[in-house]
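Subject: Structure handover

Hello,

I am passing this structure on to you. Please open it beside this message and follow the notes below.

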Amino acid sequence: MGWFRAGCMISTKLSAKRNLCGLHIFRIVQPFPFSPIRRIFHSTITKQEQVNANRKTDSFLDSANSVYIEELQRSWEADPSSVDESWDNFFRNLVGQNHVKGMAAAGVGVSGQQSIQESMSLLLLVKAYQVNGHTKANLDPLNLDLNKDAIPEDLDPAFHSFTESDLDREFYLGVWDDSSGFLSGNRPVMTLRSIMNRLEQTYCGNIGYEYMHIDDSSKCNWLRNKIETQEHINYDVEQRKVLLDRLIWSTRFENFLAVKKKAEKRFGLEGGETLIPGMKEMFDKAADLGVENIVVGMPHRGRLNVLGNVFRKPLAQIFSEFDKKAKHGLSDDGEVGDYMGTGDVKYHLGTSYDRPTRRGNRIHLSLMANPSHLEAVDTVVLGKTRAKQYYFKDCDRTKNLGVLIHGDGSFAGQGVVYETLHLSALPNYCTGGTIHVVVNNQVAFTTDPRSGRSSQYCTDVAKAFNVPIFHVNGDDVEAVARVCELAAEWRQRFHADVVVDIICYRRFGHNEVDEPSFTQPKMYKVIEKHPSSLEIYQKKLLESGEVTQEEIDRKHNKVESILNEEYANSKDYVLKRTDWLSSHWAGFKSPQQLSRIRNTGVNPEVLMNVGRAITTIPDEIKAHKQVKRIYEERARMVESGEGIDWALAEALAFGTLLVEGNHVRLSGQDVERGTFSHRHAVLHDQETWEKYCPLGHTMPGQDEEMFTVSNSSLSEFGVLGFEMGYSMENPNALVMWEAQFGDFSNGAQVMFDQFLSAGESKWLRQTGLVVLLPHGYDGQGPEHSSARLERFLMMSDSYPYVMPEMEPTLRKQIQECNWQVVNATTPANYFHLLRRQIHREFRKPLIVMSPKNLLRHKLCKSHLSEFDNVQGHPGFDKQGTRFKRLIKDQNGHSDVEESIRRLILCSGKVYYELDEERGKGDNAKDDIAICRVEQLCPFPYDLVQRELRRYPNAEVVWCQEEPMNMGAYSYILPRLATAMKDMGRGSYDEIKYVGRGASAATATGFYQVHKQEQSEFLQRAMQTNPIQFP
């Protein structure tokens, strides 16, 4: 039977000395051939441990030394309570009267006497297959895995002291109340041959199970019950015909495109076609188990097939996307010129669909659009799934499911995969489990696994999180369907992640114009001769007589006819916005549709009620004395209306949005307290450790999750992606991510570049996500000073050389820009900025250079009247109460001030330092005006021109604290020049610069140098002589 390997007979003495429980023990004498599946098993040397007779509390599954067992047996015979309960159970089942009764109850006898050592060895043999059986499984469809020497020795019966003469002996496995599978109760006596057959069929077939690393016995037992004791699922004839039909559609789709679009990249699924029937079976099973919505993220390989065959995206639309002359730009009512953005390649696009299942259910499917950055979409899917669970009130997390499809190289290589898995059990990021499907090509782009990972399998990272992994031969469509269904069952039962590893191949290399034999010649010689999974399955069903050739031909002809018809229709297909837009966002305006400007002031009574609610600490909460003082001071601010600081302004914005019925969510590292200990959104009882969130009690009966503030894992990329996905589900939510320091945001640069800045343009997907990036130069060095403001401004798509329409009733400047970049300087302006995100008819990402030392600056305060909507109050102007894109000089200047010799434009906290410098000494500079550009992008041309008209004789200066090659200077310069040129006020040459010089590092690490630099440019800004730089 091949169970006993030649030259590998292991003596009883050797086997007794080895600890066989859970260790991968290998006997590799010489290097073994490379396997594309990367079954590279590292040699494990196990030293013999000294027997310690006092270690009587060890579990029986942790020991196998014969001397040790005999010592335990003697101790048990003298006093059963002296050994661990598991050993007590073991001896009671296998010794004396209980053993005899057990065999009698089974109705059979045992040939010969079964010793304790044999019973132990038999249990360990079963365990060896449960742990390591996957290493012997038939997983590689190309049969390139020839590493027989790498198979763990404990799968050899000889390793457990059995010989071929034992094969037909009957053995009793015992009765184990807390186990299942082969060790479950009331199992009959079996011969060793039968046991080995069962183990081989279960663990060494076309599916390899990895689950014994899970530290929860109930989960292991559930899987054992599914894997071992259930009869192997044999699909009936009708089910097999369904699988055949789905496999025909999957295969013919790829073949059709290969003929029609030979020279086009499409990243086809050839070699992995069983993914399609596998996904459909998974979705059908999930729907049967109560899932109503599935959010999917996947790379480009196979995406078109998934779109067409799983998500039912119109085939004519898919085919039209290959046509370089395809018609675009018509709205749903036929109007020419509707906003279509820049678009994206066909294998990056998403869609959504209400899909009926075979058993009469319906399930909503969403496929997220994503870039070529593999795995970048992972946490975006998790965030969108979590948001759906909130809006559907899916508290059990059983109705909304996330599914991620991965490649083998990226699953092992991309760090965001670990970040995604790491979020799986965190309280405010958990989605009740994600199903991961790895389409394992056995090679990355051109990189072999031995160069692409250090682990045995590409999926090994998942084992760190107790995730079961089901490896499956991609040529066996029934096995693929089986594990996909099992994955859905696991997720719904345990609300935990699970991995399906479909081991397949790429028939045509990385893409259809690639030549894979340059780097994998042996593999592609095998692939060239290898039949497709469809051919293999058709042959199987024909040989079994379950289908006829005529039936198969009829199915093929039907599919081919539909494909040809849809291809013909694609010539006249016109892409519409509704092909991309989500129904939840119906009524929101596109960049080409005018949106009215709304006031963001709040009724004074509502402000007071909210202010009192969010500054009240219940008597039973024993807050830290310093935090209690902070809340008492906030209460005083609310009652007096004076001195409102940044943290209270933010809390008032949150609270007023909540009472208006909006969801508010803030996450990031340390956001509950705030990096700078300013927010204190969550109070910790100093005696009971109980937590209390005042904003969670803004109004009676408030939903617990309506306001969510959550410290995140130490991740930028993954967590920002999560919040990005969360914000895309529903527009009626203020969703924010705050960096610990703005400098650290570059750890999430892929999210900013590929999703946040360009998502609407590429995919017509709006988001109102707010990103808070602490920014400011105060001597903390190069990693705690700059949020890299220049990068966000550089990525803005506003054209700098033409004045946009700035008439308030016609202005669409923000709508036409890809995002907003703001550096606010007052608490009231920050309050209105946050509220503006919700009180408009469109959504745009908002990048905020949030303050650090302004959080407690004595002058950075606002009056409560600046927050309300009362005409005549300081915050109310002729446009109402709103966010101020530019704040004029605060010295009470009239509409025209001819005596002002210098107009300094700046942004952020440097304003307060300039204002302080201006007022120093007896010679205060009353001939210098300082204006704050609060909204940098899009640039407030109209308000800048207003100030230029106010100061007709002034020298125009841009001042910043960042180095000249950073900050806003490069962005401001052409736009300010355009505004000046439009007025006949000059152009570039008339704009002077004051700030730090160019630098490689964002800031100096020496505090005294920082102070000197700061002093020098502030004095230069106030100098009497005209500024000559540049």
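Predicted model: local features only at pLDDT ≥ 70, side-chain atom pairs only at ≥ 80, totals over all residues.

The seven-stranded sheet

Seven strands make up an open sheet with mixed pairing, and their order is β14-β11-β15-β16-β18-β17-β24. β14 (707–711) and β24 (935–937) are the edge strands; each has a single partner strand, so one side of each has no neighbour in the sheet. On average, neighbouring strands here are turned by 20° against each other, direction ignored.

At the β24 end, β17 (residues 820–822) pairs with β24 in the antiparallel sense over two bridges. Valine 822 stands opposite glutamine 935 of β24.

Two helices to look at on this sheet are α23 and α28. Helix α23 (residues 717–729) packs on the sheet and touches β11 (663–668), β15 (733–738) and β16 (770–774). The direction of α23 makes about 170° with that of β15. α28 also packs on the sheet, in contact with β15, β16, β17, β18 (846–850) and β24. For α28, the angle to the direction of β15 is about 125°.

The five-stranded sheet

Another open sheet has five strands in the order β21-β23-β22-β25-β26, again with mixed pairing. Its edge strands, β21 (886–887) and β26 (991–996), each pair on one side only. Strand β25 (residues 955–963) pairs with β26 in the parallel sense, over five bridges. Helix α29 (residues 910–918) lies across β22 (902–906), β23 (928–933) and β25, and runs at about 170° to β23.

The largest pocket

The largest pocket has a volume of about 1300 Å³. It is lined by 49 residues, and those closest to its centre are Asp877, Phe883, Lys884, Arg885 and Leu886. Two or more lining residues come from each of α27 (813–816), α28 (827–838), β19 (876–877), β21, α29 and α30 (941–950). α30 gives the most, with five residues. By type, the lining of this pocket divides into 15 nonpolar, 13 polar and 21 charged residues.

The cavities

There are eight cavities of 30 Å³ or more. The largest cavity holds about 110 Å³ of space. Its lining has 13 residues, of which Arg634, Ala651, Arg679, Ala681 and Leu695 lie nearest the centre. α21 (625–640) and α22 (646–659) each supply at least two residues of that lining, and α22 has the largest share, with five. The lining of the largest cavity consists of 10 nonpolar residues, no polar ones and three charged ones.

A helix pair

Lastly, how do α8 and α9 lie to each other: parallel, antiparallel, perpendicular or oblique? The axes of helix α8 (residues 237–260) and helix α9 (residues 275–288) come within 8 Å and cross at roughly 130°. That angle falls between the roughly perpendicular range, 65 to 115 degrees, and the roughly antiparallel range, over 145, and α8 and α9 are therefore oblique to each other. In α8 the contact involves Val242, Leu243, Arg246, Leu247 and Ser250; in α9 it involves Ile276, Pro277, Lys280, Glu281 and Asp284. These residues comprise five nonpolar, one polar and four charged.

Regards

Definitions and conventions: Residues numbered from 1 in each chain as written. Heavy atoms only, no water. Axes fitted to C-alpha atoms, helices over the stretch in contact; angles between N-to-C directions. Helix = DSSP H or I, 4+ residues; strand = E, 2+ residues; numbered from the N terminus. Parallel < 35°, antiparallel > 145°, perpendicular 65-115°, else oblique. Contact = heavy atoms within 4.5 Å. Nonpolar A, V, L, I, M, F, W, Y, C, P; charged D, E, K, R; others polar. Pairing = 2+ DSSP bridges. 1 Å grid on protein atoms, 1.4 Å probe; cavity = no way out; pocket = protein on both sides within 12 Å on 5 of 7 lines; lining within 4 Å. Points joined across faces, edges and corners; volume = space filled by probe spheres on them.
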